[in-house]
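The notes follow the order in which I checked each point.

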Amino acid sequence: ARQDGFDPQEVIPIIIKLPNGLKPEELRRVTVVSEDLKKLEGGVLSISEMPEYRDTGEELLDDPYITTQILKNLDAEAFSRRLASDSSVHGILIDRNRSWISVTRFLTPGYNEPQEGWRMVEFLEGRKIPWWERIYKADIRPQNPNLAAGGWVMGRWQIDQGLNRDMMVLPAFGLVIAFPVFWWILGSPRQAAIGSLVVVLGGIWFTRAGIWPLHEGYEFFHERVYTILAYANVIVQGISFSLHKLEAFRTAQGNTSQEKFLEARRIDGLIGTVALIACLAFLSLNTFVVWQMREMGWQSIMGVGTVMAGATLFLPAVYLTLEKILGPEPERYLTDPASRWGEKLVIERPGFRKLALIAAIILPAVTFLTVSVLFLSGKIETRTEPWSYIRGSHVEETFQFLKDSGNEYLDLLVKPVEGDIYRAAFIQEATR
């Protein structure tokens, strides 16, 4: 099925597995899948669409390989022999060992790859995937276990979505840890929530949004796996800046929160100085030959700038706004954190002080050794290579299934060999 003016350049093969060989129900599935894919943009090629040219002596028949009449009176051996006699079908649209049939969808030029990837995920899973699930979903679970998706369009979707998930999940994990840290130190859930909000908005959302103008000005800037390191830098700075600002607010003199925040501006110069030092350090990464380090440096600079503005400007404004809505906090939340129970425990019980000192020495060493062992043993995966996001996924399972089938035309369905895929010489070499 081909639309007018259509110039195919990329394909997504939908693989129909044949665990029981050529059966009428499996061939009907080829027709159903082909008809469903024809509802999408582009074109479809399968044995239910491919004409089987036969000369009867009186006329040249061009009915497709799969028709209603063939399904009613299927002779699997005769049907298999007819397929084997057509080199344009055998080994390309159907496996030579009859372990799978391919329904290939051709994509239109200039297609939106993430959008088409999600279309195929929804097609295979037989459901609409809500926006919130797209945040963390990074694999395909077909509704029918005998349906699979192959090709590098889906491989690139797998890489892209895996990276997006890491971008969301790993910083979110850091923020989940940040909130109880804020709460433990400050004792105030309201202040902990505002401090975490500064990190979320400045360190994550605004830093991600800032990648767009960088990409517009310098096309080599993208959001990559290394950007997670920039987020980690910014989360740490955001926690530090917010804590210093709230500490200064709690120890400031004043009858109202607004007066206390006005006096707490004395800490803004220190926060700005620390931010400047951090930005200069990240700017030095621009001297690295490795362009990923340069990207991470600029993104970290953006993030530090946003969390600095968030801690000095946004944080007081939000706190005062919430105070008008919810009322002032209890007095115990507005005192110096040094008076809290944790510090009192250390001061009033000398034995606990020794225990805390020993723990401060031993715990970091134990943590470092544990993480090192997990990292070296492969239990912690860094995912610095694209294939790391495909490994173990549905897409890799499909690749492996096609590879195990022993099909000599595998490169056309899975991974092109080196060369120009639009040159006739290359196509001859790849299919030889």
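Is Ser-196 buried or exposed? The model is a predicted one, and I read every value below as computed from it. Ser-196 has a relative accessible area of 10%. Since the cut-off for buried is under 20%, I recorded Ser-196 as buried.

**Entry 1: surroundings of Ser-196.** I placed Ser-196 in helix 7, which covers residues 189-217. I then listed its contacts, leaving out residues up to four places away in sequence. On that basis Ser-196 touches Ala-178, Phe-179 and Phe-182.

Entry 2: In what order do the four strands of the open sheet stand? I noted the order 2-5-1-6, with antiparallel pairing. Strand 2 (43-45) and strand 6 (147-149) are at the edges; each has a single partner strand, so one side of each lacks a neighbour in the sheet. From one strand to the next the twist averages 20°.

**Entry 3: the pairings.** I went through the strand pairs in turn.

- Strand 2 and strand 5 run antiparallel and are joined by three bridges. Within strand 5, Arg-105 is the bridge partner of Val-44.
- Strand 1 and strand 5 also run antiparallel, with eight bridges between them. Here Ile-16 stands opposite Ile-101 of strand 5.
- Strand 1 and strand 6 are antiparallel and share three bridges. Ile-16 stands opposite Leu-147 of strand 6.

Entry 4: Which helix lies across strand 1, strand 5 and strand 6? I identified helix 14, residues 394-404, and noted that strand 1 spans 10-17. Helix 14 runs at about 100° to strand 6.

**Entry 5: Arg-98.** Where does Arg-98 lie? I found Arg-98 in the loop between helix 3 (76-84) and strand 5 (100-107). Its phi is positive, about 60°, although Arg-98 is not a glycine. I also checked the exposure of Arg-98: its relative accessible area is 14%, so I recorded this residue as buried.

Definitions and conventions:
Residues are numbered from 1 along each chain as its sequence is written. This is a predicted model: local features need pLDDT of at least 70, side-chain atom pairs count only at pLDDT 80 or more; totals for chains, interfaces and linings use all residues. Side-chain values use heavy atoms; hydrogens and water are left out. Helices (H or I, at least four residues) and strands (E, at least two) are DSSP runs, numbered from the N terminus. Buried means under 20% relative accessible area, exposed over 50%, partly exposed in between (1.4 Å probe, protein chains only). Contact means heavy atoms within 4.5 Å. Two strands pair if DSSP finds at least two bridges between them. Axes are lines fitted to C-alpha atoms, for helices over the stretch in contact, and angles run from 0 to 180 degrees between N-to-C directions.
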